[in-house]
Amino acid sequence: MSSSITHHPDQHLVPDLERVIGRLFLPSSEPPHVHRAQDLVRRVLALDDAQVAALLPTVLDGFSAHHPDLPGLLKANASVTAPAGVELSEARQLVLGAAFTCEYVLEGAALCNPSVVPHPDQSGLQPGELRVAVSLRAIGEGHISALEFISAVVTADSWRFSPRREVPVSGQVGSAAMHVTLLSALASKGKELDELTKNLLVNLPDQVEGHDIERALDEIHPDLLLHPEAHLTVAELRRWARAAYTVTFDPGSLLHQRVLLPAAEDESQGVEDARFVRFTHDDGSVDYRATYTAYDGAHIGNRLIISPDLRTFTSTPLSGPGAKNKGMALFPRKVGGQFMALSRADGMTIGVTTANHSYVWKDPVNVEGPSSPWQILQVGNASPPLETRHGWLVVTHGVGLMRTYSLGAILLDLEDPTRVLAKLERPLLPPQVHGGYVPNVVFSCGAIIQGGRLFIPYGIGDSQISVASLDLEELVGDMTRR
């Protein structure tokens, strides 16, 4: 390959163990029927006022530096377990909250899989500079993943990460409505709906929230609830009706402070591998969108984030055959009047899938499968499609022998992205032997073009993030035409 890759060794990120979030901590129940949380509440309430007064400074002095509003965090967690009807002093509320709070180190295990889009704020830059927003997958205790951000400034020949000085913050989680068509698709799982589900769906509005399920239950024929599996059907509909949510951050927070933690049942063990695009609608308006993998400890699914400003986020589960498995990546605009996305529904092949309303995705058309030795196990995208005059450029990943991950590239037709125009036959970026959290892996979830160069932030062994760049025209010239 003749194109020359430039590495930016002075621009890299390693896990920062000072990036800490305070989370609700509930001790597990122990058999037979020992409720440790209730016992803990009783022990805190049994402390005398002098003991409470002595404990409080230890908590506030020792942990306030990590949390912008530690008293507010402790009071919120205390409200989850405080017994009803019992009046607690403010000091005792704070001590009770501290008993049910733990610190979670966001990057305690790994930092990896960056994605990149133009930043909403382009003020204060010099000519030729572009500010970008980079999403990061942070993995902490229990292998639970969260989504973080950092800013960078890019020119035609440089990349500069901005510092992450301020403490991270979590947002305010709220409910969001889900279109009834999506709820139906999630409930059916590709099969014919049973009579109970059909009747419930008929009684729901176009935009469904959790309380709408309860109203619909009051309006259906009661005999439908007598089926032995009716309770399972109702529980499943209730679960999905609550699955969409919003997260809103304080307007004064900075992008690198904002953390998206798991906030729905289907993602309880991880918000993984977000691939962001700046999406342009038919009328010229824009928003920020990302597909990501939701993991509950046993199952995976795809979700969609939509944000107008990277401060307020709405997350919704996706459905349909094109949304199976991992690794969806949206096109940054409609193509042929349809939403489009890259898919890896079969687990090893890049496909192109379409949707009318961006949440129920059709059977994908496979476009690139395992072929070359360096990608003999599987191939998938390592970035959403980037629009160029040559076609849609997609950074890919390939898995080879000994589970080594490399980066590659393909070029898709602008009008018909199911047509592969060209492919890079050799790895664009081969694996780097590195101990890391996951060895022998280079991986990315996004790239950006600035000043005629392709910039790729990428993870190395899931233990650090680096940046590589190369001339776009040289890269396209090195591809083999199909």
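Let's start with Ile150: leaving aside its neighbours within four places in sequence, Ile150 is in contact (heavy atoms within 4.5 Å) with Leu13, Val132, Ala133, Val134, Leu136, Phe161, Ser162, Arg164, Leu255 and His256. Before I go on, this is a predicted model, where local features need pLDDT of at least 70 and side-chain atom pairs count only at pLDDT 80 or more, while totals for chains, interfaces and linings use all residues. Residues are numbered from 1 along each chain as its sequence is written, and side-chain values use heavy atoms, with hydrogens and water left out.

Back to Ile150, then. You'll find Ile150 in strand 6, residues 145-154; strands here are DSSP runs of E, at least two residues, and helices are runs of H or I, at least four, numbered from the N terminus. Is Ile150 buried or exposed? Ile150 is buried, with a relative accessible area of 1%, and buried means under 20% with a 1.4 Å probe, protein chains only. One of its contacts, Ala133, is 17 residues away in sequence, yet the C-alpha to C-alpha separation is 6.0 Å.

Now the pockets. A pocket is an open set of points on a 1 Å grid over the protein atoms alone, where a 1.4 Å probe fits, with protein on both sides within 12 Å along at least five of seven lines; lining residues have an atom within 4 Å of a point. The largest pocket holds about 900 Å³ of space, the volume being what probe spheres set on the points fill, with points joined across faces, edges and corners. It has 30 lining residues, and Ile21, Gly22, Leu73, Ser170 and Gly171 are the closest to its centre. Elements giving two or more residues to that lining include strand 2 (20-24) and helix 3 (70-81).

The second largest pocket has about 600 Å³. Of its 22 lining residues, Leu186, Lys189, Trp240, Ile300 and Leu318 are the closest to the centre.

Last, the cores. A nonpolar core is a set of buried Ala, Val, Leu, Ile, Met, Phe, Trp, Tyr and Cys residues joined through side-chain atoms within 4.5 Å. In the largest one, with 35 residues, those touching the most other members are Met178, Leu183, Leu200, Leu204, Ile213, Leu318 and Trp361. Which helix gives the most to this core? That's helix 8, with five residues. Another core lies apart from it, with 24 residues, among them Val116, Val132, Ile144 and Val154.

Notes: Buried means under 20% relative accessible area, exposed over 50%, partly exposed in between (1.4 Å probe, protein chains only).
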